[in-house]
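Here is a brief report on the structure shown below. It moves from the overall fold to one residue, then to the chain contact.

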Amino acid sequence: MRRLDDYDTILRQGGLDRRSFGKLAAMLGAGASIGALMPGIARAQEEPKKGGDLSIGITGGATTDTLNPLLSTASIHAATDFMWGNCLVEYGTDGSAVPELAESWEPSADAKTWRFNIRKGVVFHNGKELDADDVVYSLNLHRGENSTSGAAGYMKQVSDVKADGKNVVVISLESGNADLPYLLTDYHMVIMPKDSDIASGIGTGAYKITEFDPGVRVFGVLNENYFKAGRGNCASVELVGISDPAARTAALQTGQITIMERVDPKTVELMGRAPGIVIHRAAGGGHYPMLMRCDTAPFDNLDYRLGLKYAANREDIVDKVLRGLGKPGNDHPIPSGDPFFAASLAQRPYDPEKAKFHMKKAGYGGEKIPLSTSDAAFSGAVDTAVLYQQHAAAAGINIDVIREPSDGYWDNVWMKKPFSLSYWGGRPTADLMLTVAYKSDAAWNDTFWRRPDFDKVLLEARAELDKAKRQEMYTQLQTMIHEDGGALIPMFNDFVDASTDAVKNFELSPQYGLAGMRAPERVWLDA
Amino acid sequence: MPDLAWLIGKRLLFGVLTLFAVSVLVFAGTELLPGDLAQVILGQSATPETVAAIRAKLNLGDPALVRYWRWLSGILTGDLGNSLASGRPITTVLMPRLGATLFLAATAAVIAVPLAIILGLLSALWRDRTFDKSASAATLAAISMPEFFIGYLLVYVFAVQLGWFPAISRISPSAGFGQKLWAIALPAMTLTLVTTGHMMRMTRAAIVQVLSAPYVEMSELKGTPRKAIIFSHALPNAIGPIANVVVLNLAFLVVGVILVEVVFVYPGMGQLMVDAVAKRDIPLIQACAIVFAITYVVLNMLADIVSILANPRLRHPR
């Protein structure tokens with residue numbers, strides 16, 4: 001009952017940030033430039049063909065689903081939101097912020113006040129023309145104490161949203177944030193007509209929702225007035241909720257669907273060899289840390305932490321647990337595709353000698369070190385712990401793998417046990433990732449690592465508009481976590497989807513799988 | 001036969017009483033959940049204000065008896081309330097799912113029940129011969145495999161390799177009856193394979209038992225043909241146990257097919273209840289539980305009535 005566990009996790013944890021914890025919501029990737037990572041993927045520049053019916057087998061559907069974007073948590077919800085709606089800003093395939101319903105924007109010098117120029121001539125499905133009031137209304141749904149929105153966490157820093165004339169929206173922040181445009185790419189924040197029913201699915205998107213059977217099927221027909229050139233190519237798009245990976249695979253093989261979200265890592269190779277099937281693989285920001293509590297002995301000793309970090313053979317874990325569909329981690333949470341990734345920081349190797357040295361220095365005498373794990377943390381967490389046990393044994397470290405019950409893992413183990421496995425979905429920006437999990441006062445500072453100097457640089461970097469200076473600051477922050485932090489991060493995972501070879505222009509996104517959940521509007525069918 | 005009407009009426013009355021008891025249990029079950037219902041619904045994201053809001057919305061301040069009566073009278077008038085997670089009326093959520101489940105169950109039953117009874121009869125008739133042994137081996141093999149495995153096997157053979165039937169059972173509302181049958185061919189086959197073994201073995205055992213009774217021996221000695229013995233003596237006397245096992249399997253077809261629903265992406269009741277449990281959608285869970293309970297109670301009642309009708313001793317109790 002994998003799905004049940006996932007939902008359970010989401011529910012127990014509530015709130016946006018915890019939501020992204022569940023495997024179902026493993027979608028919030030971090031900013032990355034995928035073009036550089038995956039040169040083999042053709043950036044199809046052929047003229048898009050119009051027409052055809054696209055059918056996507058996708059996870060996360062439940063009978064309890066609604067069209068209300070505020071409540072979106074899983075893949076099917078995000079893809080639905082992007083079928084009928086648009087945000088102010090689009091997360092570009094190269095990790096840049098691309099104008100969507102906002103044509104352009106400019107920040108004040110302190111990055112506290114932002115003016116967004118709203119695109120003119122865009123029409124909602126109900127015939128109303130988009131103006132600044134609609135944007136203000138839509139963004140305000142995510143603000144205030146009682147907002148049920150999954151994006152309410154991000155929007156807490158917004159102190160005011162107001163219209164300045166018909167086509168300008170001014171957003172004021174509590175403190176400067178150079179990443180505001182990225183925050184507005186969140187699928188919860190699609191723009192709806194002012195005072196409309198928020199569960200009606202009426203937006204400006206490429207597809208008008210004509211059928212909605214919760215958890216089973218979402219069907220939309222092309223919006224002939226769509227404002228983006230070359231987007232919205234298929235005559236109709238349907239999302240089919242298929243939670244079972246084997247059923248998704250069979251449906252794709254037999255042509256009942258044209259795109260399949262989330263390929264089971266175990267079958268990627270086989271599927272790649274099947275005729276007529278194409279695998280789409282994108283590097284993302286989701287990662288699997290082994291958390292050491294820096295406030296608890298013996299993990300409060302830096303040498304102890306370093307010893308354990310050198311004792312992990314990351315390549316081996318990526319090969320065996322992720323079947324190669326991922327990248328080794330470097331003990332900080334920023335993925336290699338992020339614009340602010342610390343490229344100058346050397347990858348920590350597997351070095352049993354160094355591990356031995358540090359453990360000895362920390363006074364380790366060969367006693368058992370309990371490591372809590374469960375496949376509730378992520379699928380493969382138990383295997384990861386057992387592999388690590390073998391790697392560490394070569395350095396004379398005695399890891400005791402404790403299989404915790406899946407039920408209640410996030411309540412009873414995560415942030416409770418001193419050494420445990422966990423999962424983080426990536427975040428759209430480096431700032432968010434570091435803020436949510438590494439700032440001293442963060443609610444989910446799950447390594448209990450507290451460094452006032454880190455917090456200071458983090459806040460400075462957030463408000464810094466100069467890209468070179470920001471790069472320097474973020475490198476400094478990643479280095480601090482890499483050298484001193486409590487997270488042993490062995491790997492980052494990839495998003496893996498598949499489609500028939502008729503599907504063209506499947507633009508990979510570092511943010512989420514399924515072409516950034518925007519496959520419905522991006523792809524076209526070569527019939 | 002006033003006696004018979006009274007017997008059946010009594011059985012119906014017991015059925016209603018059982019349902020009433022089940023409704024008390026279902027309601028009490030949710031009352032007994034540790035902590036406050038509003039807390040349970042909200043989970044960790046609960047704040048005092050949201051808890052208060054939910055409590056007010058669900059009238060949790062009222063005494064349990066009052067709420068139970070309100071809930072029960074709602075059910076009796078066909079008003080199951082609204083789903084907490086989606087806000088939609090439960091009847092509109094539930095009915096299509098129940099319809100889908102019953103359609104699949106009925107299709108599987110129409111194939112499986114006659115098949116099982118005929119196989120069982122023939123096995124009893126040709127006891128210990130090749131037919132009996134191979135039928136037993138085949139059906140036992142089928143029930144020994146988990147249903148999802150059978151499902152995947154059928155998908156591999158009939159959908160992926162041969163392409164005769166769809167791999168996932170999607171039914172559009174506008175589809176005709178034939179198309180619907182085609183769409184659910186594989187799940188219906190899976191369920192047939194899963195249930196036939198049990199029913200067939202029980203049919204065979206019941207008839208074999210009757211065949212060893214002295215009066216059958218007597219009739220054999222009198223030279224009655226074997227077929228006549230089976231159809232006019234053995235079968236009527238074996239109907240009671242056969243009806244019971246058939247009913248047990250019919251109930252399984254309605255309430256126990258969640259894995260088959262997942263494998264074939266079939267939107268039935270099982271998936272609905274799992275989703276409801278995952279989202280802590282209490283009214284929806286209660287509604288599903290009641291529907292499942294009604295299925296069991298009604299089917300068991302039918303089995304009892306069939307047994308009564310088929311058995312003169314029960315028909316004329318002393």
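## Fold of chain A

Among contacts in chain A between residues at least 6 apart in sequence, 72% link residues at least 24 apart. The model is predicted. Chain A holds 19 helices and 21 strands.

The C-alpha trace of chain A spans about 75 × 55 × 40 Å along its principal axes. A compact globule of 527 residues would have a radius of gyration near 24 Å, and chain A, with 23 Å, agrees. Of the 527 residues in chain A, 57% are buried.

## A:Phe448

A:Phe448 sits in the loop between helix 15 (430–437) and helix 16 (452–463) of chain A. Is this residue, A:Phe448, buried or partly exposed? A:Phe448 counts as partly exposed, because it has 17 C-beta neighbours inside 10 Å, while a buried residue needs 20 or more.

Beyond its neighbours within four places in sequence, A:Phe448 is in contact with A:Arg293, A:Cys294, A:Asp295 and A:Gly486. A:Gly425 is 23 residues from A:Phe448 in sequence. In space, the two are 19 Å apart, C-alpha to C-alpha.

## Contact between chains A and B

Chain A puts 27 residues in contact with 30 residues of chain B. On the chain A side, the elements that give two or more residues are helix 1 (2–13) and helix 8 (245–253). Helix 1 of chain A supplies the largest share, 6 residues.

By type, the residues on the side of chain A that touches chain B divide into 12 nonpolar, 11 polar and 4 charged.

Notes. Residues numbered from 1 in each chain as written. Chains lettered and ligands numbered in written order. Predicted model: local features only at pLDDT ≥ 70, side-chain atom pairs only at ≥ 80, totals over all residues. Contact = placed C-beta atoms within 7 Å. Helix = DSSP H or I, 4+ residues; strand = E, 2+ residues; numbered from the N terminus. Nonpolar A, V, L, I, M, F, W, Y, C, P; charged D, E, K, R; others polar. Rg over C-alpha atoms; globule rule 2.2 N^0.38 Å. Buried ≥ 20, exposed ≤ 12 C-beta atoms within 10 Å, placed from the backbone.
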